[in-house]
Amino acid sequence: MNLTVDKNYIWFAVSRKNEERKLHFYVKGCKFMELDVRLTDDEPDFSFPMDVSKYKGKTIEIKGEPEELLAAAISQSDEKPAMDYNYRPAVHFTAERGWINDPNGLIYADGVYHLYYQWNPYGTDWGNMHWGHAVSRDLITWEHRPVAMEPDMYGTIYSGSAWQDTRNSAGFGKDSLLFYYTASGGRNDWSKEKVHLHTQRLAISTDGGETLVKKETIIPNIVNENRDPKVFWHEASKAYIMAIYLDEDEFMILRSDDLLHWTESQRFSAPKMWECPNLFELPIESRSGESKWVFWSADGYYMLGDFDGRRFKPETEVLEGYKTKLGYAAQTYAGVEDRTIHVAWYRTENDKGGFRGMMSIPTELSLVETKDGLRIAFKPVRELWDRFKLEETVTLVNGKDGERSLDEDSAKQFCGGGIIKFNGNPTAIVLECESGRSAEVCISDTKICIIGSDKPAILIIDHGIIECFSEDGTNYTAVEGEEDILYQDICIKGGVKKVSLYTFDGKPSDKVI
């Protein structure tokens, strides 16, 4: 099929139930894209756009079978398809459309937080891995930017990290942004034809992260699908460090003086851990000036220990950071000096709005002492509270059998006996509980149990998602709820002393770019 481009976008009509078809795109015989898409010649579930504005006036050859389906399912428009959906999360990042998974390239540079992410722009299931891009000044309200990186002959674009080269160590210019990512050779026909394997490659940006220019392979294939490079500067040993995943439960640490040439310093196994490694130092809240290093992997499994710039020496067994399996592939922000900010991908199922998956609320990490030893504590970033306003605080009183409930006046405020109505607004609830007693929060069929401690528990309820931080942040729970959860009632019962209710102000931040 030949298509002369006279609009900004090609639209693909998609049905979830149809089989995927492979399409190849060429201009003057040069391939520029390959993708899998569930085309339909019937009423589509969604339409997904491809930006072809740079090819206006040129003819694109699209190869795929059958051609009759291509002609019926592919059209042109100067606008993107509308994405009207009443239940899109407001304080959890979602892709404008399509599937997302791992957060990538998290970096704070020049006053802007950048969020890159694994993205399929052409369907609500995994595939066609690109890097999407969004920016923010407050970590809560995000502005979508154009696609950052697309698949090529080296493979689809897997996970990676970013670093701002303030020393000009790599020679691309002071303060250039460097992006380390996995080219997943063998995951698309293009790379199979070129016989490329999984390698770690470099892209750079000299315009503040808006345009990423692919440069070179910096680490050739080591073993199988080695992937997910995470880069940082280690001040004590005056070197750049990279952690990568190798295979099964094996990881590698490498060192560099110039961000370009890397030397292995350690290879080790970590039972139960795999993918998306991260290595960072956290302060111990109760011990001034003390800290521990954390080696982290995709499932939220981690070990505490020591790192001397060459070797990580674990001091604990493998620990679990998450109490549910929704969170995955978390990464921490580069470029933030005074705190460690963590973002995870939530593996949510709902795709009725033409998108699937979301990011966690960014959280600040520290280490706290528990009866079982040091553990990571997760707390919503401080910026969250700038976007929520306190509606009311209600003290509960002792009732039958010691159960606490709302007093008569408060019950009238809250529509009766411990029930709160959301009315569609994202809500933060702060619960002060009796130490050692459990409380239960029920929203429709979703129930969350909270063990009381001397620190308040925090629930963040957004469209289709609930996050709960309790026991001083060491109990971090995320649950996917019904898409209309913010139009349900919430019932709180058990050992709760006080309930404070905050609502999202809904005001967008100033435009970032």
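My entries on the sheet follow.

I worked from a predicted model, where local features need pLDDT of at least 70, side-chain atom pairs count only at pLDDT 80 or more, and totals for chains, interfaces and linings use all residues. Residues are numbered from 1 along each chain as its sequence is written, and side-chain values use heavy atoms, with hydrogens and water left out.

Entry one: I looked up the strand order. I found an open sheet of 4 strands, β1-β6-β3-β4, with antiparallel pairing. At the edges sit β1 and β4 (30–37), each pairing on one side only. Strands here are DSSP runs of E, at least two residues, numbered from the N terminus, and two of them pair if DSSP finds at least two bridges between them.

Entry two: I followed the neighbours of β6. Strand β1 (residues 2–4) is joined to β6 by 3 bridges, with L3 partnered by I60. Strand β3 (residues 21–27) has 4 bridges to β6, and there Y26 is partnered by E61.

Entry three: which side chains of β6 are buried? In β6 (residues 59–63), I60 and I62 point to one face and are buried, meaning under 20% relative accessible area with a 1.4 Å probe, protein chains only.

Definitions and conventions. Buried < 20%, exposed > 50% of the residue type's maximum accessible area, 1.4 Å probe, protein only.
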